[in-house]
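Here's a quick briefing to read with the model open.

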Amino acid sequence: MMLESDGNQSLSIGKNVATIRRRRGLTLDGLSELSSVSRASISALENGADNPRVQTLWNLADALGVNFGTLIGDSQGERVLDDDGASVQLIDRQTSPKIVEAYLLELPAGIVRNARPHVSGVHEHVVVLTGELLTGPSDGPSLLTPGQSISFAADVPHIYSAERTNTRAIVTIVYPRLDDASWPDQELNWPRSKTDWESVVSLVERASIEVQNGLGINVKAFRHLGQVSFEKAEKELREKIATIPSNPAVRRFIITQNAPGILSLYRTPQMTSLPFSDGSVKGDLTSRCLKLAHYATARPGTYDLDLIHRTVSETSSLTESALAAEILTRNGTPTVPLGVGRVEHSWETGDTDAERLFEARIDVDAYEAYELVHPAYARQTLALACYLPVKDGLKILDVGTGPGLPLAMLRELRPDMHALAVDPSQVAVQHLTRRFSEDPAVEIRQASITELERSNNGFEAAVSIGASHHLDTSAFLAAIREQMKHGGRVLIADEMVSGFSSREEREAALIRHHLWYILDTLVEIPKGAHKGDVQLAQRLAQVLPEAIGMAYSDRSKAARRTIRDLFEEVMAIERPMQPSHPLAVFSRFHLLELQALIAGFDYEVEQKTSPLRFKALARRNGFEITNHHRIYATDGDGFNDAGTHLLVMEAV
């Protein structure tokens with residue numbers, strides 16, 4: 001390809017590709033898979049060492065979720081010329097109300113361009129200026145002569161083919177407008193009197209009944225604010241809605257995009273009692289932790305919140321502190337447990353663009369610092385510990401240990417236990433080495449479970465907490481089975497989503513799953529905190545309720561775009577490396593959850609499946625399921641719906 005308008009344009013385009021790719025969090029391998037462009041070609045382009053073809057740039061633009069103009073620089077007059085003489089030149093662009101780009105396409109006689117489908121909803125309009133052009137959907141193109149035109153949906157394979165003469169045409173691409181707001185079920189005029197407000201309250205109460213009984217979502221938007229400012233309307237709505245009796249099955253949010261409104265969502269019960277098995281963990285600490293686990297699902301008022309508050313700070317146990325803090329958070333007093341809140345960056349990780357490792361998509365240092373406030377994080381570990389075999393000196397295989405928080409909690413509950421901690425991440429192993437430097441009962445191995453040499457005698461027990469979805473699930477299970485004795489017990493605690501059978505269903509399931517973890521732990525940051533921490537928490541609270549509303553309204557594409565845009569926005573907010581207030585820990589955890597969600601969109605290091613599919617794969621790889629608990633429910637009422645799950649399996 002030759003670039004006529006600017007000798008440095010190839011370098012500029014390469015920088016654009018690299019910037020957008022990294023902003024999205026994609027690795028080189030990930031972008032290669034999404035675009036069908038080789039990793040080597042993308043790397044060469046980003047480094048200014050290659051001149052890509054026009055079709056390559058189109059493929060990259062589609063994979064990155066941006067329009068072609070953004071990738072080549074958005075300036076009119078830019079002309080990209082291929083070696084065979086085909087060229088594309090941006091001649092006009094508008095951004096409102098839809099993005100519309102117009103290009104001059106020039107094809108020498110006999111040149112053909114086969115185009116991949118654009119994203120759903122993209123339309124193209126083609127007008128031939130000179131020559132003859134065969135264009136339109138590949139399965140039914142039209143032959144156009146000068147002055148003739150065609151319009152077609154471009155989310156299918158399509159073609160541009162110059163016939164007997166050189167051809168020039170104007171190609172106009174119209175991108176779909178994804179409305180940011182949830183579709184309202186009802187539009188109301190802004191209340192002007194006490195009677196008007198009583199009517200609104202009555203409608204919201206009715207909506208709660210409809211939502212809890214099966215509709216799942218209700219949106220009421222307010223128009224015609226008159227002299228009432230947007231900010232005042234939002235404040236007044238919050239005050240009025242706060243007076244409505246709460247419904248444990250319904251969560252209400254004030255939405256603020258486009259028009260103020262009230263979003264009512266069904267919320268399935270998050271936790272049920274844990275049916276602990278055989279009492280394999282004993283001692284005072286275990287007894288206290290089991291009691292706290294019971295309080296988390298008990299009726300408020302049946303336990304002493306002051307005592308639980310003292311427990312958070314007075315205990316030396318990570319497990320006990322986290323369980324106690326979660327009770328307080330669920331009771332409306334957001335609380336940070338012991339051992340949370342300081343990020344340690346004490347080593348260089350290098351450029352992981354080419355590596356499909358956890359740290360290529362997720363900030364492992366932040367994960368180590370903030371993950372303990374994740375709903376049911378300690379609860380899943382306590383439940384898992386209760387299923388470990390009763391044997392003094394038990395040695396377990398811990399697969400995908402990560403920075404080691406769950407293993408540290410297991411060591412508290414089973415101090416007699418020994419563990420081989422296996423994780424492929426260099427950063428995670430650094431954290432593990434620091435955490436267990438004085439614990440001879442923990443052996444650390446930097447390796448993937450699929451690469452680990454087989455133990456001579458096999459393990460009697462293996463555990464994996466929050467890691468199975470970072471690998472090929474079937475390969476993960478097969479590799480663990482190779483390490484087990486016959487009859488050995490394998491305990492998997494991990495996040496899983498509701499069942500899906502299409503990409504769109506999968507994305508909607510991911511959104512609903514991850515966002516409930518965030519919405520269940522939204523907190524308001526005091527004004528005295530750093531303005532960046534305050535702004536971060538505010539933007540998450542303003543945007544994410546609507547995003548999950550979109551996912552529940554079969555508008556997952558709009559939700560996905562909203563989430564990607566929000567993530568880029570909040571990552572650009574300047575804030576201190578360490579949280580400026582203890583409660584800012586929650587919004588730092590929320591960033592991690594968004595990172596995981598976006599990595600899940602791209603299917604990189606986040607490859608969640610459903611409980612039913614996981615169990616089917618486990619049976620196929622030599623395991624029998626003996627127990628299954630849904631530790632924390634996110635989306636759906638069913639036992640096999642989304643949330644944090646614990647599976648107890650036996651190697652057969």
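H2 itself spans residues 28-35, with Leu28, Gly30, Leu31, Ser32 and Ser35 buried; buried here means under 20% relative accessible area, with exposed over 50% and partly exposed in between (1.4 Å probe, protein chains only). Helices (H or I, at least four residues) and strands (E, at least two) are DSSP runs, numbered from the N terminus.

Keep in mind that this is a predicted model, where local features need pLDDT of at least 70 and side-chain atom pairs count only at pLDDT 80 or more, while totals for chains, interfaces and linings use all residues. Residues are numbered from 1 along each chain as its sequence is written, and side-chain values use heavy atoms, with hydrogens and water left out.

**Aromatic pairs**

- The structure holds seven aromatic pairs; rings of Phe, Tyr and Trp (its six-membered ring) pair if their centres lie within 6.5 Å, and planes under 30 degrees apart count as stacked, over 60 as edge-to-face and the rest as tilted.
- One of them is Phe68 with Tyr103: the ring centres sit 5.5 Å apart and the planes are at 75 degrees, so this pair is edge-to-face.
- Phe68 belongs to helix H5 (residues 68-72) and Tyr103 to strand S4 (residues 100-107), so the pair ties together parts 35 residues apart in sequence.
- Phe68 and Tyr103 are both buried.
- Trp190 and Phe222 also pair edge-to-face, at 5.6 Å centre to centre with 75 degrees between the planes.
- That pair links distant parts of the chain, 32 residues apart: Trp190 is in the loop between strand S12 (186-189) and helix H6 (194-215), and Phe222 is in strand S13 (residues 217-223).
- Trp190 and Phe222 are buried too.
- Ring pairs also join Trp58, Phe68 and Tyr103 into a cluster.

**H9 against H10**

- The axes of helix H9 (residues 305-314) and H10 come within 8 Å and cross at roughly 140 degrees; axes are lines fitted to C-alpha atoms, for helices over the stretch in contact, and angles run from 0 to 180 degrees between N-to-C directions.
- H9 and H10 are therefore oblique to each other (under 35 degrees counts as roughly parallel, over 145 as roughly antiparallel, 65 to 115 as roughly perpendicular and the rest as oblique).
- On the H9 side, Leu305, Ile308, His309, Thr311 and Val312 meet Glu320, Ser321, Ala324, Ala325, Ile327 and Leu328 in H10, where contact means heavy atoms within 4.5 Å.
- By class, this contact of H9 with H10 has seven nonpolar, three polar and one charged residues (Ala, Val, Leu, Ile, Met, Phe, Trp, Tyr, Cys and Pro count as nonpolar, Asp, Glu, Lys and Arg as charged, and the others, Gly among them, as polar).

**H10 against H12**

- H10 (residues 318-330) also meets helix H12 (residues 377-385), with axes that come within 8 Å and cross at roughly 130 degrees.
- That makes H10 oblique to H12.
- Thr319, Ala322 and Leu323 in H10 touch Ala378, Arg379 and Leu382 in H12.
- The residues of this contact of H10 with H12 split into four nonpolar, one polar and one charged.

**Thr256**

- Look for Thr256 in the loop between strand S14 (250-255) and strand S15 (261-266).
- Its relative accessibility is 10%, so Thr256 counts as buried.
- Beyond neighbours within four places in sequence, Thr256 is in contact with Phe230, Glu234, Gln542 and Glu546.
- Thr256 and Phe230 are 26 residues apart along the chain, and their C-alpha atoms are separated by 8.4 Å.
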